[in-house]
Amino acid sequence: MRIVLLGPPGSGKGTQAALLVEQLGVPHISTGALLRDAAERGTELGLKAKALSDKGELVSDGDMAGILEERLSHDDVSNGYILDGYPRNLAQAETLTVLLERLEQPVEEAILIDVDADQIIKRIAKRAKEEGRADDTEETVRNRLRVYAEQTAPVADYYAERGLLTRVLGDGTVDEIFQRLLSILNLSTSSG
Ligand code: AP5
Ligand code: MG
């Protein structure tokens, strides 16, 4: 299964990807998680990225292409992947298409998890208390939503034009949304 998960900040991409990974046994590739890991290790790129992500701005396409290409070179990707957080603009969507064509692993499904802004702000406020992610402050969340609307939302059209996009309502419990994803992917739960 080769899946791209799309959706605004806090829509549940990471939560659902973790559940899908159990079901599908393919790697979850979250570019946000890769950046946070690099920042924690204190690499030059990680620290540069942190300065941008702490403000809710995107990291440059060139830096992201390098990170993505490195991750896609790992052997586990031959089984498929769940991409979360990439692509985030049309240039990245093109880069991804070219990279995956080269690997003969093109995207099969792009799934957009739709959640409205009010709910997003509530969910992220809760996570801010629980986890203290540096970019979960109210001001940064508003900027992340603005950047999403301006730069990332058009990526859905990119996949729709290629006949690959399905939209799923991201409202409801984690399990309800997971069941919707399984049905889009023509899978049933292991428990039946
Ligand atoms: P990234 O890490 O990708 O963050 P994001 O897109 O803003 O999304 P989040 O991780 O906040 O949300 P999510 O959709 O994964 O939701 P989650 O499952 O956690 O990117 C961070 C930054 O890195 C970017 O701003 C940018 O600076 C940089 N970056 C990353 N990729 C980049 C790229 N390609 N190019 C340039 N820059 C890049 O859920 C959210 C919360 O809600 C959780 O607490 C969860 O428990 C809860 N929740 C989930 N589902 C439900 C539910 N159904 N009901 C109630 N609560 C729920
Ligand atoms: Mg996430």
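In which sense, left-handed or right-handed, does α2 cross α3? The crossing of α2 past α3 is left-handed, a term that applies when the near helix is turned anticlockwise from the far one by less than a right angle, clockwise being right-handed.

## Basis of the model

The structure is a predicted model, in which local features need pLDDT of at least 70 and side-chain atom pairs count only at pLDDT 80 or more, while totals for chains, interfaces and linings use all residues. Residues are numbered from 1 along each chain as its sequence is written, chains are lettered from A and ligands numbered from 1 in the order in which they are written, and side-chain values use heavy atoms, with hydrogens and water left out.

## Packing of α2 and α3

Two packed helices are described by the angle and the distance between their axes. Helix α2 spans residues 31-41 and helix α3 residues 44-53; their axes come within 7 Å and cross at roughly 115°. Axes are lines fitted to C-alpha atoms, for helices over the stretch in contact, and angles run from 0 to 180 degrees between N-to-C directions. Helices (H or I, at least four residues) and strands (E, at least two) are DSSP runs, numbered from the N terminus.

On the α2 side, L35, A38 and A39 take part, meeting G46, L47, A49 and K50 of α3; contact means heavy atoms within 4.5 Å. These residues comprise five nonpolar, one polar and one charged. Here Ala, Val, Leu, Ile, Met, Phe, Trp, Tyr, Cys and Pro count as nonpolar, Asp, Glu, Lys and Arg as charged, and the others, Gly among them, as polar.

## Surroundings of ligand 1

Around ligand 1 there are 30 residues, of which T15, E57, R88, R127 and R144 come nearest; a residue is included if one of its heavy atoms lies within 4 Å of the molecule. A polar side-chain atom of R88 is 2.6 Å from an oxygen atom of ligand 1, and a polar side-chain atom of R127 likewise lies 2.6 Å from an oxygen atom of the ligand. A polar backbone atom of G85 is 2.9 Å from a nitrogen atom of ligand 1.

N143 belongs to helix α7 (residues 138-161). N143 counts as buried because its relative accessible area is 14%; buried means under 20%, exposed over 50% and partly exposed in between (1.4 Å probe, protein chains only). Not counting residues up to four places away in sequence, N143 touches K55, G56 and E57.

G10 lies in the loop between β1 (2-6) and α1 (13-24) and is also buried, at 18% relative accessibility. Beyond its neighbours within four places in sequence, G10 is in contact with R123 and I124. The C-alpha atoms of G10 and I113 are 9.9 Å apart in space, with 103 residues of separation in sequence.

Notes. Polar contact = N/O pair within 3.5 Å; in protein donor to acceptor, adjacent residues only side chain to side chain.
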